[in-house]
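Trainee: I've got a new model on my screen and I'd like to learn how to read it. Could you walk me through it, feature by feature?

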Amino acid sequence: MEKRKPKQLYSKLFWTYTVIVLCIVSALTVYFLTVSQKHILDSNMEELDRVNTACINYIEETEEIADYLYKDLYRSKSKLDDLQAYLGLEPEEYQRYYLERYADTNDLVYEGIFNFLTEAFEAYSELEKVELISYKTFKMTECRPDQTIYPGKDGKTRLAMLQSSNYEQNGKLVYTKEIRRTDNMENVGCMIFTFEGEKQFQKIQETNEITQTVVLSEYEQPVFQDINAEKWITMLDQNKYYQEKSMTDQYTVYSFQKEEDAERIHMGTFFTIIGAGVAAVILGILLIEYYVRRLTRRVGGILEAMNEVTTGNLKVRLNVEHTTDELDMIAANFNNMCEELTLYIQKSYLAEIERKNAQMQALQSQINPHFLYNTLEAIRMKAICNGDREVGKMLYSMVGLFRSQIKEADVITLGQELDYCKQYLELFMFRYKGIFEYFLNCEPELLSIPVIKFILQPIVENYFIHGIDRERNDNRICIWAETKEHTLFLHVEDNGYGMKQVDIEKKNQELQTNLPEKEGEHSIGITNVNRRIKAVYGEEYGIFMETAKPAGLHVIITIKIEAGEEQ
């Protein structure tokens with residue numbers, strides 16, 4: 001049997017486990033990438049909300065400052081009266097009002113509107129300027145933190161500008177507070193508080209690169225917009241932006257993040273996950289290779305041991321690794337089987353060989369007396385008929401046959417067997433001179449094939465007993481040999497009486513089942529030859545009979561050609 005290493009098993013297991021590892025690691029890699037992406041998105045959404053909240057908190061803080069200053073003004077009657085006088089009187093009249101009031105008080109500092117504004121600028125650094133507009137004259141006075149005052153400006157234009165949607169506040173938060181008389185609630189003017197916004201919004205914006213912020217006034221005037229948010233109006237209508245919106249009474253804050261930016265995994269995180277996946281695949285393949293190689297090596301050891309057993313080597317033993325797995329169970333059972341087979345062969349196989357040898361000798365002894373009787377009968381009949389010198393020739397052929405039967409081994413070559421058969425046919429040529437002929441045909445390369453002795457002679461003898469027609473002079477028997485694959489076919493065909501088809505089928509059935517000859521059976525030679533062949537070569541070999549064409553009997557003998565015996 002050809003020895004084969006379990007390469008196919010190794011390949012199947014290796015690639016199956018490798019594909020499984022690749023699928024698992026790929027699934028885990030995709031999972032971790034998805035989780036990381038979601039974590040990054042959640043973090044960016046939190047940052048988006050934080051930026052928006054920080055901006056709106058600063059706006060609310062400035063609104064609270066403006067409201068506080070406005071309310072604080074109404075809590076001081078002297079300062080409020082001074083402001084109303086400043087807004088309602090001409091400059092010269094206000095100067096007289098200012099001096100008269102200052103003279104009536106004992107305070108070193110006049111508690112007027114400008115003193116109020118100075119304190120406001122000192123308290124709140126975010127406050128950039130305060131503008132005072134009189135509704136009577138629509139003159140505007142601009143006050144700065146450095147106590148500089150710019151009177152006489154156009155208040156009407158300033159108010160119209162603040163209410164125009166085309167006006168850009170350029171990073172300033174502006175709150176307008178109406179000034180009313182406390183006695184009749186008449187509007188006498190307004191105060192405009194302007195706070196710094198751009199620097200604070202930029203400071204908040206710098207903490208997150210992908211967040212873009214836009215701050216709008218109540219008239220949709222852009223107060224602040226990130227340089228990347230120039231098309232913020234179109235961004236409101238697009239689905240590819242995450243948006244956050246917050247509002248106060250006067251201002252609205254929009255914060256945007258591009259979806260692809262918000263969901264983008266950082267390259268460091270991406271390569272870390274991919275690297276971990278690749279490392280896991282490599283480690284998994286190395287472990288698979290070690291495990292599969294170890295497994296197939298054990299399986300290969302079992303196959304090699306089985307091949308050794310098929311060659312007859314029962315001394316082979318397998319190593320049992322004591323892992324208590326199925327392969328260890330197979331190895332242990334294999335070792336026990338070899339030991340039991342060795343004992344069985346010692347007790348039974350040798351006895352069977354002796355029995356077969358005894359059977360062969362018994363079968364051979366059945367043929368020899370029968371052969372001797374027929375030969376002597378032929379000589380006797382010839383002597384009675386002619387008393388001729390040909391009797392000497394017949395005796396010579398007979399002696400040669402007896403000598404070969406006694407001295408030759410049980411296994412001879414096909415050439416020797418054909419030579420014995422020819423000598424036997426020569427004897428009958430003397431007895432039936434002129435009424436039959438024979439033909440032998442065998443390729444030279446087949447003559448050296450070993451066969452057991454006297455497998456053709458009983459078949460030929462059966463022809464002379466049952467098949468030859470003595471009333472004819474064209475009797476013929478042909479013998480030839482051929483091989484197919486590992487089988488030798490010997491053909492014996494005659495043109496004699498033959499057998500009925502029913503009898504042929506019955507005889508073939510008996511030959512196939514290898515039944516022992518029945519008492520009184522006339523074809524004892526054919527039965528013995530068949531049993532000898534099956535005993536030596538196996539049950540699938542033996543004798544088969546069929547009708548010859550146009551008449552007679554065709555006997556086919558099949559013999560196994562042992563390995564190394566084909567030419």
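Trainee: Let's start with a pair of helices: are helix 2 and helix 3 roughly parallel or antiparallel to each other?

Mentor: Keep in mind that this is a predicted model. As for the general idea, two packed helices are described by the angle between their axes and the distance between the axes. Here the axes of helix 2 (residues 77-88) and helix 3 (residues 91-104) come within 9 Å and cross at roughly 160°. Angles over 145 degrees count as roughly antiparallel, and helix 2 and helix 3 are therefore roughly antiparallel to each other. Their crossing is right-handed.

Trainee: Which residues of helix 2 and helix 3 meet?

Mentor: On the helix 2 side, look for S78, D81, D82, A85 and Y86; they meet Y94, Y97 and R101 in helix 3.

Trainee: And how do helix 12 and helix 13 run, roughly parallel or antiparallel?

Mentor: Read them the same way, angle and distance. The axes of helix 12 (residues 414-431) and helix 13 come within 10 Å, with a crossing angle of roughly 20°. Angles under 35 degrees count as roughly parallel, so helix 12 and helix 13 are roughly parallel to each other. This crossing, too, is right-handed. At the meeting place, E417, C421, Y424, L425 and F428 come from helix 12, while Q457, V460, E461 and F464 come from helix 13.

Trainee: What is F436 in contact with, if I skip its neighbours within four places in sequence?

Mentor: The list is L425, F428, M429, F464, I468 and N475. F436 itself is found in strand 11 (residues 436-441). With a relative accessible area of 5%, F436 is buried, because the cut-off for buried is under 20%. Check I468 as well: F436 and I468 are 32 residues apart in sequence, yet their C-alpha atoms are 8.4 Å apart in space.

Trainee: How do I read burial along a helix? Which residues of helix 6 are buried?

Mentor: Look down the axis and see where the buried residues point. In helix 6 (residues 198-205) the buried ones are F201, I204 and Q205. Seen down the axis, these buried residues fall within an arc of 100°, so they line one face of helix 6. On the other side of helix 6, K199 and K203 are exposed.

Trainee: Can we zoom in on Q205? What is its relative accessibility?

Mentor: Q205 has 9% relative accessibility and therefore counts as buried. Beyond its neighbours within four places in sequence, Q205 is in contact with V51, T211, Q212, T213 and D226.

Trainee: Where does N208 lie, and is N208 buried or exposed?

Mentor: N208 sits in the loop between helix 6 and strand 6 (212-217). At 9% relative accessibility, N208 counts as buried. Again leaving out neighbours within four places, N208 is in contact with E47, V51 and Q257. V51 was also on the list for Q205. And N208 and L48 are 160 residues apart in sequence but 8.3 Å apart in space, C-alpha to C-alpha.

Trainee: What should I look for in the backbone?

Mentor: Most residues other than glycine have a negative phi, and most peptide bonds are trans. Now for the exceptions to look up here. F454 has a phi near 60°, a positive value in a residue other than glycine. E485 has a positive phi as well, near 55°. Then there's a cis peptide bond joining K549 and P550, with omega about 5°.

Trainee: Where are F454, E485 and P550 found?

Mentor: Each one is in a loop. F454 is between strand 12 (450-452) and helix 13 (457-467), E485 is between strand 13 (475-484) and strand 14 (487-494), and P550 is between strand 15 (542-547) and strand 16 (553-560). As for accessibility, F454 counts as buried at 3%, whereas E485 counts as exposed at 76%.

Trainee: Stepping back, how many helices and strands does the protein have?

Mentor: There are 15 helices and 16 strands. Buried residues make up 42% of the 567 residues. Among contacts between residues at least 6 apart in sequence, 64% join residues at least 24 apart.

Definitions and conventions
Residues numbered from 1 in each chain as written. Predicted model: local features only at pLDDT ≥ 70, side-chain atom pairs only at ≥ 80, totals over all residues. Heavy atoms only, no water. Helix = DSSP H or I, 4+ residues; strand = E, 2+ residues; numbered from the N terminus. Buried < 20%, exposed > 50% of the residue type's maximum accessible area, 1.4 Å probe, protein only. Contact = heavy atoms within 4.5 Å. Arc of directions from axis to C-beta. Axes fitted to C-alpha atoms, helices over the stretch in contact; angles between N-to-C directions. Parallel < 35°, antiparallel > 145°, perpendicular 65-115°, else oblique. Left-handed = near helix turned anticlockwise from the far one by under 90°.
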